[in-house]
Amino acid sequence: MVVADDSYLVREALGYLLDSDPRVELVARCQDAAELAEAVEREVPDVVVTDIRMPPAGDDEGIAFANRLRDTHPEMGVVVVSQYADPRYGLALLRRGSERRAYLVKDRLREREPLIAAVYAVAHGGSFVDPKVVEALVGARTTGLDGLTPRENEILGCVARGQSNQAIADHVSLSKKAVEKHINAIFAKLGLVESEETSRRVMAALIYLAGGAVPAA
């Protein structure tokens with residue numbers, strides 16, 4: 001495990017939380033993108049935990065680095081932590097696939113469980129989007145996506161909350177088969193195709209939360 005954040009206090013907090021799990025071995029702590037790149041090549045960790053914004057530019061180096069790892073180290077998991085509850089960052093992180101990627105807000109680092117859950121999700125090929133952020137953003141949404149019917153927008157909101165098809169069916173008083181039909185129609189309208197690397201459900205939820213901003217190919 002490698003941790004990267006330009007804040008000494010955040011690096012120490014991350015290290016403390018990770019070291020508290022005996023199954024996690026922390027091999028490097030980095031303060032900028034250059035140190036992170038060196039540590040990854042030297043240690044080849046299973047998982048990288050990185051801030052979104054790091055020196056030298058202080059922009060979105062963490063996400064850019066995670067996307068480069070898709071080509072150089074496709075089996076390496078990445079947990080991006082940020083103080084920003086902005087779904088656009090989630091879209092940028094997951095646009096090349098949700099496998100082995102997680103997005104976590106720093107407010108959650110006061111608890112060990114969300115961080116460890118995100119680390120283990122990406123280490124085993126899964127993905128993780130902070131449920132606290134998802135619920136807050138869903139609650140803030142007031143308008144629908146162009147091209148979707150009111151029923152489809154309602155169902156997509158349920159998908160963004162992480163509800164199963166059966167739970168959605170119970171919520172909207174439809175059969176599970178009808179819900180599946182609506183969800184497939186939503187995928188088609190959003191241009192989300194079946195892929196082994198990308199969860200259409202995760203991407204649809206992020207597009208909803210971002211207000212309809214479809215990620216670049």
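**Reading contacts, burial and salt bridges**

Author: Let's start with contacts, meaning heavy atoms within 4.5 Å. Of the contacts in the chain with a separation of 6 or more, 63% are between residues 24 or more positions apart. Bear in mind that this is a predicted model, where local features need pLDDT of at least 70, side-chain atom pairs count only at pLDDT 80 or more, and totals for chains, interfaces and linings use all residues. Residues are numbered from 1 along each chain as its sequence is written, and side-chain values use heavy atoms, with hydrogens and water left out.

Reader: How many helices and strands does the chain have?

Author: Helices (H or I, at least four residues) and strands (E, at least two) are DSSP runs, numbered from the N terminus. Here you'll find ten helices and six strands.

Reader: And what share of the residues is buried?

Author: Buried means under 20% relative accessible area, exposed over 50%, and partly exposed in between (1.4 Å probe, protein chains only). Of the 217 residues in this chain, 48% are buried.

Reader: Next, salt bridges. How many does the structure hold?

Author: A salt bridge is a side-chain nitrogen of Lys or Arg within 4 Å of a carboxyl oxygen of Asp or Glu. The structure holds eleven. Take Asp 21: its side chain meets that of Arg 23 in a salt bridge at 2.9 Å, N to O. Asp 21 is buried, with a relative accessible area of 2%, while Arg 23 is exposed at 61%.

Reader: Which parts does the salt bridge between Arg 112 and Asp 21 tie together?

Author: That bridge has an N to O distance of 3.6 Å. Arg 112 lies in helix 5 (residues 112–123) and Asp 21 in the loop between helix 1 (8–19) and strand 2, so the pair ties together parts that are 91 residues apart in sequence. Arg 112 itself is partly exposed, at 31%.

Reader: Which residues are linked in a network of salt bridges?

Author: Asp 5, Asp 51 and Lys 106 are linked that way.
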